Amino acid sequence: MNNRKDVMRFLAGAVCGVLAASAVFTVHKRDNGEEFQLSTTAEKASVIANMLESNYIGDFSDEVFADNMYAGMVNALGDPYTVYLSTEQMTEFMTEAQGTMCGIGIVISVDKDSGKCIINDVLEDSPAEMAGLQAGDVILNVDGTDTSSMSVMDVSQLTKGSPNTSVSLTVIRDGEGEISFDITRSAINIQYVKHSVEGNIGYIKISEFAKITAEQFKNALSELMEQNIKGLIIDLRDNPGGMIDIVTEIGDTLLPEGIITYTVDKNGNRTDFKSDSNCIDIPIAVLVNNGSASASELLAGALQDSGIGVIIGTQTYGKGIVQGLYSLGDGSGLKITIQRYYTPNGVCIQGVGITPDYVIECDDKSLSETDEQYQKALEILNEKIKD
C-alpha cells in the first residue's frame with residue numbers, strides 16, 4: 001500500500017469481497033442520525049474504515065496498519081500455525097530455512113503449559129551462548145517490549161537485526177529469577193546437527209528440520225558408520241519440527257521400504273511419503289520430550305510404528321498438522337495449515353502426541369550420568385547389541 005487512502009479503500013472493499021457475506025448485524029445510525037443496515041461483512045468493514053479515516057486523531061504507519069490488518073484476518077481463524085508473514089518476516093523465514101541468520105543464535109518455542117515463549121536451544125558459539133543464555137529460559141521482554149502475548153515468530157523477529165547491533169533480553173530462569181542480557185547480533189551459519197560416539201554407540205542431536213538438516217544428518221551418520229557403531233541414539237528433545245520433505249528424507253536413510261508418513265488435506269486427498277529398501281541395519285533409540293513437536297513426532301512415530309526404533313522420554317507435544325508456505329506478490333506470504341499427517345499405522349497425533357516406549361521424566365539433557373533418558377538409551381542399545 002502506497003498511501004493511507006489505498007489502505008482504507010482496500011479495507012473497505014477489495015479484501016472483504018473474499019470473506020463470507022452472510023452475517024447480518026444490528027441497526028446503527030449515521031452521523032446525521034439516519035439509520036442504516038449493515039447486511040454484509042464488506043459493508044461493516046467499509047463503515048469501520050471510513051470511521052477510522054474520519055475520526056482517529058493519532059498517527060499510524062500505513063505499512064504497519066496494512067500488515068496488522070492482514071495478520072488480523074489470518075489470526076481470526078484461531079489457528080496459531082496459520083499466520084501472515086510480512087515482507088520482512090518472509091525474507092527472514094526463507095533465509096533461516098537455508099541455514100543462515102543474523103541474530104543472537106537461539107531457537108524459540110512456546111511452552112505448552114504456560115503459553116510463554118521459551119528458549120529451546122542455544123546455538124553453539126553463538127552470541128547467545130557467549131552471553132550466557134540457556135535452554136529453558138523464559139523470555140519476558142526484548143528491548144523492553146513485553147513478549148507475554150506475542151507469537152514465536154514475532155519474538156524471534158525482535159531478536160534479529162543487522163550485524164553488530166545490540167539487543168537486550170530479560171528472561172526468567174529457574175532458581176535465579178529475572179536476568180537481563182545485552183547481546184550483540186552477528187551473522188550465524190546454523191548447525192542443526194551434532195554428533196558424537198560413546199563406546200560403540202553413535203549419538204546424533206537434531207535441533208530442527210531445516211533445508212540443510214538432511215545433508216548435515218547424512219554427513220554425521222556417515223562419519224559415525226565409518227567408526228563401526230553398533231547402535232544409534234537420535235536426540236529429538238526440544239526439536240520444534242520443520243520441513244516435511246527434510247524429515248522424510250532423513251527417515252528414508254533409517255527405515256526399511258514402506259510408508260514413512262502420509263498426509264490428508266481438507267478434500268480427503270492423500271499423499272504418501274515412502275522409504276526405499278536402502279537403510280542402516282543397527283538398533284535405534286530416540287529421545288523425546290514435551291518440546292519434541294511436528295516433524296520430530298513424525299520421525300519418532302515412523303520409527304516406533306516400524307519397530308525400528310525404541311522411543312524414550314516423555315509425551316511429545318502433539319502437533320500432527322502440516323503447514324504450506326504461500327508467497328504473495330509483494331514479497332509477503334502466508335503459512336496455512338493444509339493437511340494432517342499420520343504415522344504408518346494410521347494415527348494422527350494432533351493434540352495427543354507420542355507416548356514413549358519407556359516413559360522417563362528427566363530435565364537433564366547433558367548426556368552425563370544424570371541424564372536418565374540418555375543413560376536408558378545406552379542401556380537398551382547395549383542389550384540389543386549383545387543379543
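**Figure 1. Aspartate 371 and arginine 237 in the predicted model.** Aspartate 371 is buried, with a relative accessible area of 0%. The model shown here and in the other views is predicted. Arginine 237 also has a relative accessible area of 0% and is buried. The two side chains meet in a salt bridge, with an N to O distance of 3.0 Å. This pair links distant parts of the chain, 134 residues apart. Arginine 237 sits in the loop between E14 and helix H8 (244-254), and aspartate 371 in the loop between E21 and helix H10 (372-386).

Figure 2. A salt bridge joins the side chains of lysine 205 and aspartate 235 (3.9 Å, N to O). Lysine 205 is part of strand E13 (residues 201-206) and aspartate 235 is part of strand E14, so the pair ties together parts that are 30 residues apart in sequence. Both lysine 205 and aspartate 235 are buried. A network of salt bridges links Lys205, Asp235, Arg237 and Asp371. Side chains of opposite charge can pair when their charged atoms come close.

**Figure 3. The open sheet of 6 strands.** The strand order is E12-E13-E14-E17-E18-E21, and the pairing is mixed. Strand E12 (193-198) and strand E21 (358-359) are the edge strands; each has a single partner strand, so one side of each is left without a neighbour in the sheet. Strand E14 (residues 231-235) and strand E17 (residues 284-288) run parallel and are joined by 4 bridges. Isoleucine 234 has valine 286 in E17 as its bridge partner. Strands of a sheet pair through backbone hydrogen bonds, either parallel or antiparallel.

**Figure 4. Strand E7 and its two partner strands.** Strand E7 (residues 138-142) has 5 of its 5 residues buried, so this strand is largely enclosed by the rest of the structure. E7 pairs with strand E9 (residues 166-173) in the antiparallel sense over 4 bridges. The pairing of E7 with strand E8 (residues 145-146) is also antiparallel, over 2 bridges. Asparagine 141 can be followed in both pairings: threonine 170 stands opposite asparagine 141 in E9, and aspartate 146 is the bridge partner of asparagine 141 in E8. The hairpin of E7 and E8 has 2 residues between the strands, and aspartate 143 takes a positive phi near 50° there.

**Figure 5. Arginine 173 and glutamate 176.** Arginine 173 forms a salt bridge with glutamate 176, and the closest N and O atoms are 3.9 Å apart. With a relative accessible area of 10%, arginine 173 is buried, since the cut-off for buried is under 20%. The salt bridges found in a search of the whole structure number 10.

**Figure 6. Surroundings of threonine 263.** Threonine 263 is located in strand E15 (residues 258-265). Its relative accessibility is 0%, so threonine 263 counts as buried. A polar contact of 3.4 Å connects the side chain of threonine 263 to the side chain of glutamine 339. Leaving aside neighbours within four places in sequence, the residues in contact with threonine 263 are Ile244, Asn269, Arg270, Thr271, Phe273, Val322, Gln339, Arg340 and Tyr341. In a regular strand the side chains alternate between the two faces of the sheet.

**Figure 7. A nonpolar patch on the surface.** The patch is formed by Ile48, Leu52 and Tyr56, which together have about 270 Å² of accessible area. Isoleucine 48 is placed in helix H2 (residues 41-55). At 40% relative accessibility, isoleucine 48 counts as partly exposed, a class that lies between the limits of 20% and 50%.

**Figure 8. Context for the close-up views.** The secondary structure of the protein comprises 10 helices and 21 strands. The protein has 387 residues, of which 44% count as buried. Considering contacts between residues at least 6 apart in sequence, 64% join residues at least 24 apart.

Methods:
Residues numbered from 1 in each chain as written. Predicted model: local features only at pLDDT ≥ 70, side-chain atom pairs only at ≥ 80, totals over all residues. Heavy atoms only, no water. Buried < 20%, exposed > 50% of the residue type's maximum accessible area, 1.4 Å probe, protein only. Pairing = 2+ DSSP bridges. Patch = residues over 30% accessible without salt bridge, like charges linked within 9 Å, V, L, I, M, F, W, Y side chains within 5 Å. Areas by Shrake-Rupley, 256 points an atom, 1.4 Å probe, with all protein chains shown as cover. Salt bridge = Lys/Arg side-chain N within 4 Å of Asp/Glu carboxyl O. Polar contact = N/O pair within 3.5 Å; in protein donor to acceptor, adjacent residues only side chain to side chain. Contact = heavy atoms within 4.5 Å.
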